[in-house]
Amino acid sequence: MPGLRRAFFRPPMQPDTVLRLRGITKRFGSLVANDAISLELGRGEVLALLGENGAGKSTLVSILFGHYVADEGSIEVFGAPLAPGQPKAALAAGVGMVHQHFTLADNLSVLDNVMLGTEPLWWPFSRRAAARDKLVATGQRFGLGVDPDARIAELSVGERQRVEILKALVRGARILILDEPTAVLTPAEVESLFGTLRQLIEQGLSVIFISHKLDEVLRVSQRIAILRGGKLIAVLPAAGADKALLAETMVGRQVHMPTRRPRTPGATVCRLRDATVVAADGRKLLDSVNLELRAGEIVAIAGVAGNGQQALAELLFGLQSLSSGQLALQGRAMPARAADWVRAGVARIPEDRHAVGAVGDLPVWENAMLERYAMPVFSRAGIVKRAAAQSHARQLIERFDVRGTDAMGLDTPTRALSGGNMQKLILGRALVGDPSSKQPPTLIVADQPTWGLDIGALAYVHQQLLDTVARGAAMLLVSEDLDEIFALADRVAVVHQGRLSSARPAAEWTLADIGLAMAGAEAEHAH
Amino acid sequence: MRIEKRAVASRRLQLAAPLLAIAFTLGVSSLLVAWAGAPVGKAYALLLEGGFGSTFAWSETLTRATPLILTGLSAAVAFRARLFNIGAEGQLYAGALAAVAIGGLHGGEGFALHPALLFPAMMAAAAVAGALLLLGPALLKSRLGVDEVVTTLLLNFIVLLFVSMMLDGAMKDPTAMGWPQSVVLQEALQLDKLVARTRVHTGLIWALALAVALWALMKFGTLGFQIRAVGANARAAAFAGMPVGWVTVKVALLSGALAGLAGAIEVAGRTSYVTLDMSPGYGYSGIVIAMLAALNPLGVVAAAVFVAGILVGADSMSRAVNVPTYIADVIVSVSLLSMLVATMAAQYRLVFRRAAHAG
């Protein structure tokens with residue numbers, strides 16, 4: 001694939017500047033989110049904005065789109081100054097934004113969504129015919145075919161993204177900002193998005209592409225701007241850059257990519273037999289799933305979000321009971337009681353660390369004992385052993401490198417931690433388990449453990465998981481990130497509409513196979 | 001000028017917020033006092049004097065504060081777990097009725113037991129009555145998702161009608177010349193006075209002890225930890241293995257019991273029998289007090305004394321300068337609103353934009 005990269009986009013003939021940021025500075029209190037950033041975007045160019053979480057990417061883009069007002073600096077679009085703090089002005093100047101989380105009304109049609117907000121409210125008649133013509137024409141021009149009358153709820157994630165892009169284009173965007181556009185897409189949808197981007201720049205549009213996935217950035221962009229700690233560290237041509245260099249520039253130190261130690265699978269720890277989970281509305285969330293998890297082995301579940309991986313993870317978190325079938329942990333049938341799973345030594349890492357993994361309003365030390373507060377290590381006769389709990393938290397913070405507790409110590413409210421540090425706390429809580437025992441967890445259940453983490457935190461989480469599995473834990477990984485799956489998994493299974501494929505060794509899967517299976521092709525084979 | 005959220009609320013501002021809120025409240029209320037045609041300075045001086053200016057004033061304020069501390073604690077513990085118990089008023093009456101049923105009925109002497117046994121039985125009955133009254137709404141909430149604000153609020157009216165029925169029926173005092181009031185509590189069960197020739201009674205000690213106990217439970221107990229975790233993020237608490245429904249039930253029992261005790265202590269310490277007007281909305285004021293105290297049990301004591309002092313002071317002030325006693329309700333309500341706004345505002349900062357650069 002890297003060979004493809006150079007031929008992928010023709011460099012623009014004349015890089016005349018369409019967007020110019022001069023000395024953009026934005027402070028939030030004592031934090032400098034953007035520090036005198038100057039940047040230019042050429043006509044027909046894809047500029048990647050690369051940086052860790054908190055590097056200032058979102059702030060910069062929000063200033064450009066008028067959500068924030070810069071403390072200092074100016075913006076020029078097509079040679080004219082852009083009024084600060086007005087999304088309308090940005091739109092009128094030809095800046096369009098596609099957010100990571102789509103801003104579409106699910107119950108309206110594509111056409112309605114594209115028209116939404118474009119018509120004056122006092123005008124009694126809607127100019128649907130004209131709007132439809134424009135939508136269809138724009139779609140044809142850029143190769144973005146979508147049925148104007150389809151309801152958003154019926155569309156796939158990739159199609160919804162196309163609608164978002166169309167929405168911006170119909171409103172006359174000449175500069176398109178895409179915020180983490182590939183995070184929610186299947187491999188095939190990513191290819192199709194890159195095709196769209198190619199068409200856009202061939203027709204003279206310019207794109208700012210925000211991502212933290214290095215492969216994609218190298219493939220899709222011509223120049224890469226790297227932000228770190230609010231400063232623009234470097235602007236590199238994509239040709240000639242390599243991953244290690246980008247990662248290092250982004251993080252500011254050498255990143256230790258996780259290393260896998262050889263391991264041999266041991267005894268079966270957890271077994272699912274014909275496991276079926278039926279939702280309240282009668283839909284089968286999981287349909288006769290068979291799966292075996294062995295000590296010292298990582299099994300990954302790939303799949304497009306919403307195909308049943310949530311139910312599978314919740315089964316093994318002890319939150320969901322089976323409608324039929326069997327679930328055994330170390331040969332014992334287990335009830336759907338989270339406390340029992342914790343006691344059995346299951347390390348649980350939920351997908352949503354803010355809503356499920358931690359109680360944000362409670363201090364760090366209380367969250368560190370959240371799963372085990374009732375056990376004799378942390379309480380006696382209904383009284384919390386404060387000293388024991390706090391020293392446990394202190395050890396977790398030290399061992400798992402949780403930062404952000406300097407000012408207020410263990411009493412720091414957990415929501416004040418950054419996402420990466422909160423995840424390290426949850427990871428540490430799960431992997432250490434019972435502080436009075438030195439045993440590794442019997443089973444790790446990790447649902448999107450690195451979702452939204454920057455590359456440094458990601459590498460750290462991966463290393464910790466790999467090390468714990470090497471000590472003999474079994475692990476189930478649920479992830480939508482195929483890079484993560486292939487970096488960690490020994491065996492991979494794909495879930496589609498509640499049905500799980502057999503878990504085959506990771507080496508036997510090709511990217512194309514897995515993409516097809518995620519789209520349901522294999523399930524059709526089986527019938 | 002823009003408003004931005006602070007990452008961590010400033011501690012100094014959080015302490016200053018109540019003071020600013022009180023200052024704002026006095027400002028707003030003084031407009032109303034002036035409107036009523038009274039001299040503002042004198043009215044406030046009289047209000048303070050009436051509430052806190054003498055031993056008698058203090059005794060009246062503390063008498064009034066006693067049930068308010070208990071209903072305030074009831075609301076504070078329930079709200080901390082996000083169980084919005086609006087039914088403390090009903091639970092208070094249920095407790096009062098239960099106290100009289102144990103200690104006053106059966107020939108005006110209560111059950112034939114030694115007072116040393118009868119007194120705890122009476123208090124326990126009141127606590128159980130209040131607790132059971134909240135158990136239904138709590139179960140409906142945790143099992144079926146029924147909104148407890150609606151159920152507890154409506155239960156208040158049901159309880160009041162029930163009390164009315166009992167006062168005219170089974171528990172009617174035959175010597176009360178037809179007034180709707182219950183039989184009198186046996187003399188030995190009534191609480192002693194703390195200070196001679198005042199109404200302040202040992203119920204105040206009970207209320208203070210319960211406030212300290214609840215504070216310790218919330219801070220050091222595993223149940224307090226469960227309550228705080230469930231209230232702050234029930235999904236995370238459930239993920240971690242906490243029995244969320246069971247915690248809600250325990251909180252309901254605790255909150256209802258505290259409100260029920262408020263009724264029993266009010267009967268045993270002040271009125272000695274139940275009437276339909278024995279509580280001028282203590283249950284509802286408890287909510288205000290809990291919010292003023294930011295749900296802190298020790299703060300509840302301070303807030304209850306403050307509210308009681310305003311209520312008592314307003315009585316004597318209105319007699320002297322002819323401002324309606326409703327001014328007390330206005331002061332309490334405005335102080336609640338400005339308190340809520342002030343604590344919210346402490347989480348934000350104002351940013352003044354330097355206009356010149358941003359063009």
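The structure is a predicted model.

**Stop 1: the domains of chain A**

Begin by colouring chain A by domain. Chain A is divided into domain 1 (1-93 + 206-252), domain 2 (95-173), domain 3 (256-345 + 441-527) and domain 4 (358-438). Between the centres of domain 2 of chain A and domain 3 of chain A, taken over C-alpha atoms, there are 37 Å.

**Stop 2: a sheet of four strands**

Select β1, β2, β4 and β5 of chain A. These form an open sheet with the order β2-β1-β4-β5 and antiparallel pairing. Which strands lie at the edges of this sheet? The edge strands are β2 (31-42) and β5 (80-81) of chain A, each of which pairs on one side only.

Now select β1 (residues 17-28) of chain A together with β2(A): eight bridges join them in the antiparallel sense. At A:Phe28, look across to β2(A), where A:Leu31 stands opposite. Two residues lie between the strands in this hairpin, and A:Gly29 there has a positive phi near 60°.

Helix α2 lies across β1, β2 and β4 (72-77) of chain A, and runs at about 65° to β2(A).

**Stop 3: an exposed histidine**

Select A:His101, which is located in the loop between β6 (95-98) and α4 (110-115) of chain A. Is A:His101 buried or exposed? A:His101 counts as exposed because it has 9 C-beta neighbours inside 10 Å, and the cut-off for an exposed residue is 12 or fewer. Then select A:Trp122 as well: it is 21 residues from A:His101 along the chain, and 30 Å separate their C-alpha atoms.

**Stop 4: an enclosed helix**

Move to helix α10 (residues 309-317) of chain A. Eight of its nine residues are buried, so helix α10 is largely enclosed by the rest of the structure. The buried residues of α10(A) are A:Gln309, A:Ala311, A:Leu312, A:Ala313, A:Glu314, A:Leu315, A:Leu316 and A:Phe317. Following α10(A) is A:Gly318, which has a positive phi near 80°.

**Stop 5: an enclosed strand and its partners**

Select strand β21 (residues 491-496) of chain A. Six of its six residues are buried, so β21 is largely enclosed by the rest of the structure. In a regular strand the side chains alternate between the two faces of the sheet. Which residues of β21(A) point one way, and which the other way? A:Arg491, A:Ala493 and A:Val495 point one way, while A:Val492, A:Val494 and A:His496 point the other way; all are buried.

- Strand β13 (residues 298-302) of chain A pairs with β21(A) in the parallel sense over four bridges. Here A:Ala300 stands opposite A:Val492.
- Strand β23 (residues 504-505) of chain A runs antiparallel to β21(A), and two bridges join them. In β23(A), A:Arg504 is the bridge partner of A:Val492.
- Strand β22 (residues 499-500) of chain A is also joined to β21(A) by two bridges and runs antiparallel to it. A:Leu500 in β22(A) stands opposite A:Val495.

Finally, select the turn of the hairpin of β21(A) and β22(A). There are two residues between the strands, and A:Gln497 takes a positive phi near 45°.

**Stop 6: two packed helices in chain B**

Two packed helices are described by the angle between their axes and the distance between the axes. Select helix α7 (residues 203-220) and helix α12 (residues 297-321) of chain B: they pack at an angle of about 150°, with their axes 7 Å apart. That angle makes α7(B) roughly antiparallel to α12(B). Show the side chains of the contact: α7(B) supplies B:Leu208, B:Ala211, B:Leu214, B:Trp215 and B:Met218, and α12(B) supplies B:Pro297, B:Leu298, B:Val300 and B:Val301. By class, the residues of this contact are nine nonpolar, no polar and no charged.

**Stop 7: where the chains meet**

Lastly, display both chains. The contact between them takes 24 residues from chain B and 32 residues from chain A. On the side of chain B that touches chain A, the elements giving two or more residues are α8 (222-232) and α9 (234-239) of chain B. Of the elements on that side, α8(B) gives the most, with six residues. The side of chain B that touches chain A has 13 nonpolar, six polar and five charged residues.

Technical notes
Residues numbered from 1 in each chain as written. Chains lettered and ligands numbered in written order. Predicted model: local features only at pLDDT ≥ 70, side-chain atom pairs only at ≥ 80, totals over all residues. Contact = placed C-beta atoms within 7 Å. Nonpolar A, V, L, I, M, F, W, Y, C, P; charged D, E, K, R; others polar. Axes fitted to C-alpha atoms, helices over the stretch in contact; angles between N-to-C directions. Parallel < 35°, antiparallel > 145°, perpendicular 65-115°, else oblique. Pairing = 2+ DSSP bridges. Buried ≥ 20, exposed ≤ 12 C-beta atoms within 10 Å, placed from the backbone. Domains from an automatic or database assignment.
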